Amino acid sequence: MSNVKLAVIFYSMGGTNYQLAKWAEEGARETGAEVRVLKVQELAPDAVIERNEGWKATVNATKDVPVATSEDLEWADAIIFSTPTRFGMMASQMKQFIDLQGGLWASGKTINKVVSGMTSAQNPHGGQEATLQSLYTAMMHWGAIIATPGYTDPVVFGAGGNPYGTSVTVGQDGKMIEDVQAAVKHQAKRTATVAEWVKKGNQ
């Protein structure tokens with residue numbers, strides 16, 4: 001693959017989307033892509049995070065992960081976003097990051113970025129599909145090229161069958177219910193491959 005640059009940008013409170021991001025990194029690297037794993041800025045007050053052991057553990061586990069910037073988006077040929085669902089929409093932390101890209105959008109630098117999304121929720125019908133669709137609505141405004149997994153590989157069915165992007169249910173114990181690792185890696189490889197096609201077509 002001709003050095004596709006992929007940014008995997010996540011927000012994670014309990015660690016799930018951080019894990020999805022790491023699996024996406026593995027899958028994309030297997031295609032030869034250059035990958036940056038990045039987090040978006042936390043907005044919640046420290047006092048709130050301190051009262052939640054799982055949240056605090058995730059903040060600690062990701063403390064060395066760089067915070068995503070507009071420069072990372074400009075660098076990337078492709079972007080995979082991973083965010084938990086919040087009432088059927090992306091987390092406010094991810095939404096703020098997207099909202100801050102007006103300058104990049106206005107200068108045409110979001111056009112033809114190949115994008116894909118992943119998400120998690122506490123139950124199978126907790127807004128997983130709606131969250132990805134809300135993300136993709138923003139991406140349509142960007143002029144991005146949306147690369148969903150669809151049903152392009154049987155691993156999608158094994159992970160619950162979400163054609164919009166890999167989604168996972170997280171139990172009360174904080175553990176993933178579905179086995180989605182293979183689906184995430186497939187989605188990352190597909191995103192990188194589509195980005196390669198677009199990149200070659202623009203040369």
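1. Ground rules. This is a predicted model, so local features need pLDDT of at least 70 and side-chain atom pairs count only at pLDDT 80 or more, while totals for chains, interfaces and linings use all residues. Residues are numbered from 1 along each chain as its sequence is written, and side-chain values use heavy atoms, with hydrogens and water left out. Helices (H or I, at least four residues) and strands (E, at least two) are DSSP runs, numbered from the N terminus.

2. Strand 1. Five of the six residues here are buried, where buried means under 20% relative accessible area, exposed over 50% and partly exposed in between (1.4 Å probe, protein chains only). Strand 1 runs parallel to strand 2 (residues 34-39), with six bridges joining them; strands count as paired if DSSP finds at least two bridges between them. Lys5 sits opposite Glu34 of strand 2. Strand 1 also pairs with strand 3, again in the parallel sense, over five bridges, and Val8 has Ile80 of strand 3 as its bridge partner.

3. The crossover. Strand 1, helix 1 (residues 16-29) and strand 2 form a right-handed β-α-β unit. Right-handed here is a viewing convention: with the strands pointing away from the viewer, the path from the first strand over the helix to the second runs clockwise.

4. Leu38. This one is in strand 2, and its relative accessible area of 3% is why it counts as buried. Beyond four places in sequence, Leu38 touches Ala7, Val8, Ile9, Phe10, Val65, Pro66, Ala68 and Asp72, with contact meaning heavy atoms within 4.5 Å.

5. Helix 5. Which residues of helix 5 are buried? Gln93, Met94, Phe97 and Ile98 are. They lie on the same side of helix 5, because they cover an arc of only 135° around the axis; the arc is that of the directions from the helix axis to the C-beta atoms. As a reminder, an α-helix has 3.6 residues a turn, so residues three or four places apart point the same way. The cover over this buried set includes strand 1 (5-10), helix 4 (70-75), strand 3, strand 4 and helix 7.

6. Ala91. Look in the loop between strand 4 (89-90) and helix 5 (92-99) for Ala91. Ala91 is buried, with a relative accessible area of 0%. Leaving out neighbours within four places in sequence, Ala91 is in contact with Tyr11, Thr83, Pro84 and Arg86.

7. Ring pairs. The whole structure has three aromatic pairs, taking rings of Phe, Tyr and Trp (its six-membered ring) with centres within 6.5 Å; planes under 30 degrees apart are stacked, over 60 edge-to-face and the rest tilted. One of them is Phe81 with Trp142, edge-to-face at 6.3 Å centre to centre and 70° between the planes. That pair links strand 3 (residues 78-86) to helix 7 (residues 128-142), 61 residues apart, and both Phe81 and Trp142 are buried. Tyr151 and Phe157 are stacked, because their centres are 5.0 Å apart and their planes at 15°. Tyr151 is partly exposed at 47% relative accessible area, and Phe157 is exposed at 53%.

8. Charges over rings. Lys22 lies over the face of Tyr18, 4.4 Å from the ring centre, and Arg36 over the face of Trp75, at 3.8 Å. The cut-offs are NZ of Lys or CZ of Arg within 6 Å of the ring centre and within 35 degrees of the ring normal.
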